[in-house]
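My entries follow in the order in which I made them.

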Amino acid sequence: EYNITRPKGYTVSYHFNPDMEPHHFGLTHPMKPFRLTLTKSLVTAYGMNFAMDNYNTRIATYEELNSFHTSDYLDYLHMTPPEEMPRDIDNPDKEVKFNLGGSDCPLFHGLYDYCSMSAGSSLDAARKICNKQSDIAIAWGGGLHHAKKSEASGFCYINDIVIAILQLLRCYPRVLYIDIDVHHGDGVEEAFHSTDRVLTCSFHKYAPEVFFPGTGGLDDTGPKSEHNPGAHHAINVPLNDGITDEQYGHLFQSVIGKINEKFRPSVIALQCGADSLAGDRLGRFNLQVQGHGACAKFCKTFGIPMIMFGGGGYTPRNVARAWAYETSVAIDVDEKINKIIPEHTPWRKHFVQEELFPSLEQILGEPRANRNSQKRLQEIIQHVHEQLRFVNA
Ligand code: ZLM
Ligand code: CA
Ligand code: ZN
């Protein structure tokens, strides 16, 4: 219907595990795994599956998770929680130690399986990039950037991104990690803080004490010890509420454009957290689907392999629209369907009483007041360009 054909000269793969959907963080928890199914339906509804290699992904093995996470953490995750969760009664302190069981990172049925599926998708994507079977690999079930080697954090238990990047490092000299989730990509930044083979760059809302996780200030550029090759290889772009497509696009292109020039990455790992969209339940920005997708479009112009991960995104209909649109960018059909997807509100037209379902305007809500001055954004660009004098390929 929309005449979707394979892109010319390169291959895109879509990595999906349908068994992630039934997992529940709890009914009112903001993280909703069904957004992945919603995204997949939208992608298929537009026939985009015909333009890609589609894989139902396997689960990551214990050994694969162990490439980043410690055994004592994994062992605890593994045995927990069978059924009604009377876990390791002898070790209640471990839950505290691993930051498990609170409201952000609850212990739920099938937790370990869910984590292995997310990591399995990202790892499959990385392997397709490594063996050159894909030029762009999409893993919307991954992107869980806060998890630490022996600690859960911010809805993330297993850091699939770190595990995937470790795989990429086996075949490529330099990996550029870009994070457009509204939160700081602290777990990935920390994991690679002592290597100059991975440069991390996160754009996020920054307000320590008030907004999670509170790290990622402009001067946070990685441990600055003399002997640390990873010094200066963490770039942070701290932002205020309400940033617009136009401002974000300008910032993204000047920061990432310069990084590309100086660092000369061999591959890009792009975390596409959709909580930076307008109307997100937890987010604070004013990005539209087009502005969010423009980041992926810009990265694609470098002509190097790329993995696209999911991440945050707490207004499921928006998440599906954004990730379906970004899939269309990957396969180069965004011009054909960009009039349709951003305005698509799944389900609404299927119901007789349309007014019971929110329109796009209702979903997006009132735009947030923009607290980002042009002057401050210019200062940020200046600062990052100065930091990049220390970075050489
Ligand atoms: N309280 N339920 C982003 C991760 C953000 C830490 C303050 C919990 C929530 C949030 C959980 C149902 C990514 C914090 C928040 C209330 C301590 C955060 C359960 C609502 C609910 O209704 C909720 C009972 C819950 C959690 C809101 N948590 C909002 N923000 C952050 C973590 C993850 O998008 O970057 C990547 C996937 N946590 O602010 C508190 C300090 C826990
Ligand atoms: Ca971010
Ligand atoms: Zn987030």
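**Cysteines.** I looked up cysteine 115 and found it buried, because its relative accessible area is 4% (buried is under 20%, exposed over 50%, partly exposed in between, with a 1.4 Å probe and protein chains only). Its sulfur lies 9.4 Å from the closest cysteine sulfur, that of cysteine 156, which is too far for a bond. Cysteine 272 is likewise in no disulfide, the nearest cysteine sulfur being that of cysteine 299 at 8.1 Å. Cysteine 272 has a relative accessible area of 0% and is therefore buried.

The model is predicted; local features need pLDDT of at least 70, side-chain atom pairs count only at pLDDT 80 or more, and totals for chains, interfaces and linings use all residues. I note that residues are numbered from 1 along each chain as its sequence is written, that chains are lettered from A and ligands numbered from 1 in the order in which they are written, and that side-chain values use heavy atoms, without hydrogens and water.

**Disulfide.** I searched the whole structure and found one disulfide (a pair of cysteine sulfur atoms within 2.5 Å). Cysteine 130 and cysteine 171 form it, with their sulfur atoms 2.2 Å apart. The torsion about the S-S bond is about 90°, so the disulfide is right-handed. Cysteine 130 is in helix H5 (residues 111–130) and cysteine 171 in the loop between helix H6 (160–168) and E4, so the pair ties together parts 41 residues apart in sequence (helices, H or I, of at least four residues and strands, E, of at least two are DSSP runs, numbered from the N terminus). Cysteine 130 is buried at 12% relative accessibility, whereas cysteine 171 is partly exposed at 33%.

**Zinc ion (ligand 3).** I listed its protein donors as Asp181 (OD), His183 (ND1) and Asp275 (OD), at 1.9 to 2.0 Å (donors are N, O and S atoms within 2.8 Å of the metal, or 3.2 Å for Na, K and Ca; water is not among the atoms, so sites may look incomplete). Along the chain their spacing is D-x1-H-x91-D. Aspartate 181 is buried at 1% relative accessibility, and histidine 183 is buried at 8%.

**Calcium ion (ligand 2).** I found it coordinated by Asp179 (O), Asp179 (OD), Asp181 (O), His183 (O), Ser202 (OG) and Phe203 (O), at 2.5 to 3.0 Å. The donor residues are spaced D-x1-D-x1-H-x18-S-F in sequence. Histidine 183, in the loop between strand E4 (175–179) and helix H7 (186–191), and phenylalanine 203, in strand E5 (residues 198–205), are 20 residues apart.
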